[in-house]
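User: Please take a close look at one part of this structure: the strand pairing and the aromatic contacts. Keep it brisk.

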Amino acid sequence: MYDADLLIVGAGPAGVAAAVMAASLQLRTIAVEAERVGEKLHRIGSVENVPGNWSTGPDLAQALERDLERIQEAGRCSVVHSRATAVAGQGERAELTLDDGQVLQGRAVVVAAGVAELTPSSAAWVSAPEDFVPAPLWRAVPQDLVGPAYVLGGDRPLGTWLRAFPGTRRQLHVLCPPGDDYKTAEVAADDRVRIVSVSHVAIARSSYGPKWTMQVKDRYGKETSYTVDTVLNNLGTKPAALDGVVQDADGYCPPRLQHPRILTVGDIRSGRYQRIVTSQGSGAEAALSVYYDLALPRP
């Protein structure tokens, strides 16, 4: 006895897209979400690369919430506010374990758990005190920044921030390792960005007020010291993998590595396809694959 045809972990763009597509195919779904619908979208100040004339992430998050409400009212989806901890493929079914020990069963599970933010302590190229907790770039407002703004990491919220504040002339000094080159290429032509390619950054509290000292070693070994007021975190993300999901060498969870009844979608799949539109497409495609490939009854 299945609890639903399709179990969905996460109610962001990918998870909601899977639920909406499944509902259109008359598949019963259970969506498990520990936070609010579209939680990470509330951090995005500009979504100009998303079709539909959306202006901000919160606007899109509200629309996704309405989508879920609509298919719940139609009786095609149930939303469980809990945290998923593990998945398993068992022959012709999939199992999803919640943090209270409950185990749900379905014909397949779509894992749209997304990613979690990295901190300086988890970045190999950054050394910093335990009490160093820089504010995330996505929360920064130009007029609130004090002095030159130094950004740790060249992850894609950098481009989002620049699009969210097109009128600001505030310059961001972005310290990032060579591995971020493919990300910073998107904004390298913006004169508000100064890219500083580094191999290591050592951060310590300055003896002069609320400042920080930064010992920066570039990729060629040359060292430069800075004393700064404002340091922002833009180090990137790590996959929010569950037990039972197979990870590759980079920690991501490509669909090709999973059990046939476990479908990974959205940002958790790869570091190179972290876009709202690709997440939505992968979620919808996963629901279609369940409909066609797993021999579910058609409406």
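Analyst: A residue counts as buried when its relative accessible area is under 20%. The model is predicted. By that cut-off, Tyr-150 and Tyr-226 are both buried.

A search of the whole structure gives four aromatic pairs. One of them joins Tyr-150 and Tyr-226. Their ring centres are 5.2 Å apart, with 50° between the planes, and the pair is tilted. Tyr-150 sits in strand β10 (residues 149-152) and Tyr-226 in strand β14 (residues 223-228), so this contact ties together parts 76 residues apart in sequence.

Another pair is Tyr-291 with Tyr-292. The centres lie 4.9 Å apart and the planes meet at 70°, so this pair is edge-to-face. Tyr-291 is buried, at 7% relative accessible area. Tyr-292 is partly exposed, at 49%.

A charged side chain also meets a ring. Arg-272 lies over the face of Tyr-182, 4.1 Å from the ring centre.

Now the strands. Strand β12 spans residues 193-205. Strand β8 (residues 126-127) runs parallel to β12 and is joined to it by two bridges. Here Ser-127 stands opposite Ala-202. Strand β11 (residues 172-176) also runs parallel to β12, with five bridges between them. In that pairing, Val-174 stands opposite Ile-195. Strand β13 (residues 212-218) runs antiparallel to β12, and seven bridges join the two. Ile-203 has Met-214 in β13 as its bridge partner.

Technical notes: Residues numbered from 1 in each chain as written. Predicted model: local features only at pLDDT ≥ 70, side-chain atom pairs only at ≥ 80, totals over all residues. Heavy atoms only, no water. Pairing = 2+ DSSP bridges. Helix = DSSP H or I, 4+ residues; strand = E, 2+ residues; numbered from the N terminus. Phe/Tyr/Trp six-rings, centres within 6.5 Å; stacked < 30°, edge-to-face > 60°. Buried < 20%, exposed > 50% of the residue type's maximum accessible area, 1.4 Å probe, protein only. Lys NZ or Arg CZ within 6 Å of the ring centre and 35° of its normal.
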